[in-house]
Amino acid sequence: MRFATSPDHLTFFYKNHFIEFENLLSDEQATLLINSSFSGLEKRLSITSKELSELSFEKRFKAGRDLWRENDQLKKMTLNSHFAEIAASLTKERQLRLSYSQFLSRSVPEKGDYPFPFLTDNSSLNECSSFQNIICGLILQLSDHSLPVHTQREDEDDQKPLSILPERAGNGIFFLPNTPLSFEPFFTPPFCHQLLIVYSKEPSIYRFEKKDPNTHFLKKIGCGFGDRLQDSTHPNIFKN
């Protein structure tokens, strides 16, 4: 399915620094992404489905970076050119590269403090990502919830945090990388599963970022801090 942006979309995006699109994913695609992500976590951690069901958000997060590298179904959706085309249209960029993806998942109640600082300090994507020149983020909602969602800013305060909880499964929120983010709604439903896809413009540089719990992840595939991202590890998804 192809999606098109209108002048109204662009106006809303630049005023609010985000926009939510409905039905970016079908119910079947959302379920497939959850199941494929669960399979990827089980494989990476060498655990059973039962052990995964009891795994904390922290451990799922640390194992959930770039799961597309090991799963064809996740690769197909993460590198979806139509999603990248929307991001490029909204940001008026002619070329977008995949910086990273991150599976956000919880099935058990969290006890105690949130495990990572960026979850509570309203960090922007720029402030908690290990990449320079990020241009846009996309959060895909994979599980349904029954919570009221208040993503739209009601005033001109650009610093008001953006809730990262799209209204329903299949919806997606595109947002600018300097937008303060609120993760609190993610921890409110009894369970929640999302896929974050992050796009960058050239030159895309891998850097150390202490707020990113997975800042050392790319060292596993031979990348070092200060390296420019290459097509072989971080594909160009859209080029006009």
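Accessible area here comes from the Shrake-Rupley method with a 1.4 Å probe. By that method, the protein chain of this predicted model exposes about 11400 Å². Carbon and sulfur atoms supply 48% of that area.

**Whole chain.** Show the protein chain as a cartoon. Its secondary structure comes to 6 helices and 8 strands. Follow the elements from the N terminus: they run α-β-α-α-α-α-α-β-β-β-β-β-β-β. The radius of gyration is 17 Å, close to the 18 Å that the globule rule gives for 240 residues, so the chain is as compact as a globular protein of that length. Along the principal axes, the C-alpha atoms fill a box of roughly 50 × 40 × 35 Å.

**Contacts.** Take contacts between residues at least 6 apart in sequence: 77% of them join residues at least 24 apart.

**Largest core.** Of the 240 residues, 51% count as buried. Now select Leu24, Phe83, Leu138, Leu140, Leu142, Phe174 and Tyr199. These have the most contacts inside the largest nonpolar core, which has 38 residues. Next, colour the elements that each supply at least two residues of this core, among them strand S1 (18–21), helix H2 (27–45), strand S3 (131–141) and strand S7 (192–206). Which element gives the most to this core? Select H6: this helix gives 6 residues.

**Second core.** Move on to Phe18, Ile134, Phe186 and Phe217. They belong to a second, separate core of 30 residues.

**Charges.** Finish with the charged side chains. There are 28 positive and 31 negative charges, and their mean positions are 6 Å apart.

How values were computed:
Residues numbered from 1 in each chain as written. Predicted model: local features only at pLDDT ≥ 70, side-chain atom pairs only at ≥ 80, totals over all residues. Heavy atoms only, no water. Helix = DSSP H or I, 4+ residues; strand = E, 2+ residues; numbered from the N terminus. Rg over C-alpha atoms; globule rule 2.2 N^0.38 Å. Buried < 20%, exposed > 50% of the residue type's maximum accessible area, 1.4 Å probe, protein only. Contact = heavy atoms within 4.5 Å. Lys, Arg positive; Asp, Glu negative; His and termini not counted. Charge placed at Lys NZ, Arg CZ, Asp CG, Glu CD. Core = buried A, V, L, I, M, F, W, Y, C linked by side-chain atoms within 4.5 Å.
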